[in-house]
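Please look over the ligand site in this model.

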Amino acid sequence: MNICPDCDFQTWMGQVQAEMETALAERLPSPDAIPQRLHQAMRYAALGGGKRVRPLLTWAAGQLSNAPPARLAAAACAVELIHAYSLVHDDLPCMDDDVLRRGRPTCHVEYDEATALLVGDALQTRAFEILAQPGLTDPARQVEMLALLAHASGSLGMCGGQAIDLAAVGKALNQPELELMHALKTGALIRAAVLLGALCGDPLQPEEREQLDRFAKRAGLLFQVVDDILDCTASTATLGKTAGKDEAADKPTYVSLLELEGARRYAAELRHEALEALAPFGPRARRLTELADFICHRQF
Ligand code: GRG
């Protein structure tokens with residue numbers, strides 16, 4: 001494991017991304033294990049693409065609490081596998097019905113719908129198995145981490161947000177309604193990624209946890225506002241997924257609510273608030289600060 005603490009952001013990000021590729025590959029069942037087709041499809045969905053924003057947040061938050069790399073790798077894998085599962089299920093015909101993800105055919109197109117359904121299920125359970133691995137950290141802390149990830153993924157988190165999203169097609173949501181949908185659908189897992197990273201190390205003071213939580217919530221919302229902006233400004237080739245889908249599907253977005261310039265202003269505001277929340281941590285929050293900028297200014 002070779003993550004240099006002091007190098008420039010691009011180098012650090014590349015190192016974490018490479019480390020994640022290895023860590024995920026090691027933790028996913030071998031493509032030769034029976035049933036091979038399911039295991040190959042799981043690896044197809046989770047490896048070889050993606051920005052790894054959530055793992056990057058986990059690693060960055062670990063810097064606040066002196067977290068050991070091996071523990072961060074496991075926590076980051078768990079979060080990323082939940083994310084990978086959500087993308088596979090989200091792309092299914094019964095949900096967003098998409099054919100392109102990370103520049104490649106979606107899992108159900110490359111394999112088939114039933115396999116994609118099982119891939120999502122199996123990635124999700126593997127995520128919890130990784131986080132439950134004996135000796136990862138002290139048992140009480142581990143239960144706290146498991147509960148945090150389960151809550152963030154379930155009906156009061158990501159799945160709930162997806163349900164609101166599906167029900168919102170063709171409707172005009174106001175800003176608080178849109179905010180709730182995204183706080184659950186995208187924000188809950190991003191928040192969990194941050195908090196899990198901190199939980200991998202020394203305990204934070206209660207007020208530090210509160211500040212970190214404030215950062216995580218702002219960062220999650222920022223991610224989504226930028227996602228909405230990119231959906232209508234970037235090309236399918238750049239995004240690696242079908243662009244313009246929100247408008248085509250008549251989905252409420254920050255752009256439909258605030259218009260493009262308003263959404264851009266809101267993103268800048270959220271970035272500012274996210275950075276403000278990190279101020280009390282000083283240099284310990286360097287990577288989280290850089291990630292807030294990355295999330296704000298990303299092109300895909
Ligand atoms: C199906 C249970 C279930 C949940 C799906 C997260 C989600 C809920 C759906 C994803 C649909 C989507 C495009 C949401 C917008 C924000 C988002 C999560 C984008 C994809 O995440 P990135 O940009 O993807 O981090 P990469 O490929 O970089 O990992």
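The report below covers the basis of the model, the ligand shell and the pocket.

## Basis

This is a predicted model, in which local features need pLDDT of at least 70, side-chain atom pairs count only at pLDDT 80 or more, and totals for chains, interfaces and linings use all residues. Residues are numbered from 1 along each chain as its sequence is written, and side-chain values use heavy atoms, without hydrogens and water.

## Ligand shell

The ligand is surrounded by 19 residues (a heavy atom within 4 Å of it). The closest are Lys 51, Arg 54, His 83, Asp 90 and Arg 102. By class, 7 are charged, 7 polar and 5 nonpolar (Asp, Glu, Lys and Arg count as charged; Ala, Val, Leu, Ile, Met, Phe, Trp, Tyr, Cys and Pro as nonpolar; the others, Gly among them, as polar).

Helix H4 (69–90) gives the most, with 6 residues (helices are DSSP runs, H or I, of at least four residues, numbered from the N terminus). H8 (158–168), H9 (175–199) and H10 (206–233) each supply at least two.

## Polar contacts

Here a polar contact is a pair of N or O atoms within 3.5 Å. The side chain of Arg 54 has an N or O atom 2.8 Å from a ligand oxygen. For His 83, a polar side-chain atom lies 2.8 Å from a ligand oxygen. Arg 102 also places a side-chain N or O atom 2.8 Å from an oxygen of the ligand.

## Pocket

The ligand takes up the space of the largest pocket (an open set of points on a 1 Å grid over the protein atoms alone, where a 1.4 Å probe fits, with protein on both sides within 12 Å along at least five of seven lines; more than half of the ligand atoms lie within 2 Å of its grid points). Its lining has 19 charged, 14 nonpolar and 13 polar residues.

Conventions. Polar contact = N/O pair within 3.5 Å; in protein donor to acceptor, adjacent residues only side chain to side chain. 1 Å grid on protein atoms, 1.4 Å probe; cavity = no way out; pocket = protein on both sides within 12 Å on 5 of 7 lines; lining within 4 Å.
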